[in-house]
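Trainee: Could you walk me through this model, starting with how one chain is divided up?

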Amino acid sequence: MEEIVNLFHGFAVVLQPYNIMLMFVGILLGVIIGVLPGLGGANGVAILLPLTFSMSPTSAIIMLSCIYWGALFGGAITSILFNIPGEPWSVATTFDGHPMAQKGQAGEALTAAFTSSFVGALFAVILITLVAPLVAKFALQFGPAEKFAVFFLAFCSFIGMGKEPPFKTVASMMIGFALAAVGLDSMTGQLRLTFGFTEFLNGFDFLIAVIGLFGIGEILLTMEEGLSFKGRAAGINPRVVLQTWRELPRYWMTSLRSCVIGCWMGISPAGATPASFMSYGIAKRTSKNGDKFGTGEIEGVVAPETAAHAAGTAALLPMLSLGVPGSPTAAVLLGGLLIWGLQPGPLLFVEQKDFVWGLIASMYLGNIVGLIVVLTCVPLFAAILRIPFSIIAPIILVMCAIGAYTVHNSTFDVVMMLVFGVIGYVLKKCNYPLAPMVLAIVLGDKAEEAFRQSLLGSQGGLGVFFSNGLVGSIMSLGLIALFWPLIQRTWTRLRPAPAA
Amino acid sequence: MTDTSHAAASGPRHRAVELGVAIAMIAFGALVMYGSLQVGIGWGAEGPKSGFFPFYLGVLIILSSVMNLVTATTLDPQQIFADWSQLLSVLSVVVPTAIYVVAVPWTGIYAASLVLIAVFMTWLGRYSVAMSAAVSIGTIVAIYLMFEKWFLVPLPKGPIEDFFAL
């Protein structure tokens, strides 16, 4: 078992005191990011990415991925105590989590949420440990056509599986690709779409887009809604934790199902948010207490939290093995790899063993550290949320500006950040999904390169994307994902309705 | 949340904004196609020319935006995007931030941030000057220590930072 040896080597890397410290720092920052409105996983990681420029890639990824785990944990705190989802994927947690807190069971709800998150993440990390090396080995044989087919599949699943109107997803995604195309064309060395502005020579950096669209856009949305925090006290003590832990194994079936849903949705880039809703919905339909869901059922906290965390973690599987991130945060991490001089994709498993296995080992340890940190520090984090928004908002604005500036040491980027922020606010209000746009900005160059190289090989014939069984089946899967809503509708129409 | 049934709630109509967004996207798509045509969308010596891929992106942007435009016309014409008071609070963030991002190249990030946080707190949060000063100074000192000292990332500085020889 070469993988097990590599994994233990990874643990040795992670267990260096410096990396352990970064892990704690990352988790703490991550939970704070998850708790604060207007700061989410993706733009939190984007803002803090420049801090890691001087670190070794392995230490950097440990800190950044721990910020991500922390943000995943943190979202649950605000959902349960304040009925405000700190992150989109914790919306489903508010349905039963907040009623539990209102009944005075905040401690139980929080313990259930954190533990479920941990279980979901653990399941996904084990999956990554076992599957990612195999996928990477397989993907090493991919030519440009296969590479493009994987991108095609990823983007089609966004269109077909997302809950936003498909044409809005297409528009948002294509704008992302177009923004990625601005500037120097890496294949011919020609400038394009700059219209004579020297500022656009290097194109649009996706980090600026992430900070603007998600960070500034969120703050504007929060301002519009005029948040007032009415929180519940966070009573969590060892007795409550142990009591809840005794109760949780009863929901093993819900847990397992949510893990599977989460991993599936995380690997296909549908992401953590739909995973949490889907898992909650299915748990509600199948549970014997289904009709009590929404009034404070612990199972209604277990299901979405497990799925969200499993999805958030599983999103790193395609990022590591194929170079295709499963979520905006995974996309930011992928951008980090490029900045640190690593080439994301299957070759990582061959050339950067320390890095890959250090990251995977840090996922195991990071989630354990995360569980301990959140269980012990809940009152502290709840206190952070009680700081009024008129203090938090300008500080977040300043942090976003600094984050945007430090990417390229350019003050023009800070202006672009605000432009993206206003665009993000309007698009979000009009129900345009932002994640596909960000992913398209990140992957645009690579997708285009794969596309053009394939066409170069075939002298322009599109048949190259169906020229062999492998590329053909990936493309077909993509087409199925693309037209999934239509297929589903036809299917239900053709099938006679079952007697209810 | 916007109250759609309330007749007194006034603000820009949601449908108008949706239509505007779709039209803006069509214009953007056209711009992308135009830019692609400038660099060539055909087949060159080294394969597809630079404009080849973006040209079809432009086509797709226009096609999908036209669909969105058609859908938007069927929206409830009474529903509002946000009422004016909500937009006012959004603008109360956008305007100071716009001034801030324009000021940063001249003043440096520390001085501009100090003013932004302090103005925000006294104006929107109605905090006392002492409290605002304490929080804003505390924040920029923390940022200075974290970025310049701990992680060694230099931030833009202006005459005021130079005066303090930071």
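Mentor: Gladly! The domain assignment of chain B, with bounds from an automatic or database assignment, gives domain 1 (14-73) and domain 2 (84-163). This is a predicted model, where local features need pLDDT of at least 70, side-chain atom pairs count only at pLDDT 80 or more, and totals for chains, interfaces and linings use all residues. Residues are numbered from 1 along each chain as its sequence is written, with chains lettered from A and ligands numbered from 1 in the order in which they are written.

Trainee: What distance separates the centres of domain 1 and domain 2 of chain B?

Mentor: The centres are taken over C-alpha atoms. For these two domains of chain B, the separation is 38 Å.

Trainee: Which element gives the largest share of the side of chain A that touches chain B?

Mentor: Residues are in contact if their C-beta atoms, placed from the backbone, lie within 7 Å. By that rule, 51 residues of chain A are in contact with 54 residues of chain B. Helices here are DSSP runs (H or I, at least four residues), numbered from the N terminus, and those giving two or more residues to this side of chain A include α8 (166-181) and α20 (435-458). The largest share, eleven residues, comes from α18(A).

Trainee: How are α3(A) and α9(A) oriented, oblique or parallel?

Mentor: The axes, lines fitted to C-alpha atoms over the stretch in contact, with angles running from 0 to 180 degrees between N-to-C directions, come within 9 Å and cross at roughly 135°. Under 35 degrees counts as roughly parallel, over 145 as roughly antiparallel, 65 to 115 as roughly perpendicular and the rest as oblique. Therefore α3(A) is, relative to α9(A), oblique.

Methods
Two residues are in contact if their C-beta atoms, placed from the backbone, lie within 7 Å.
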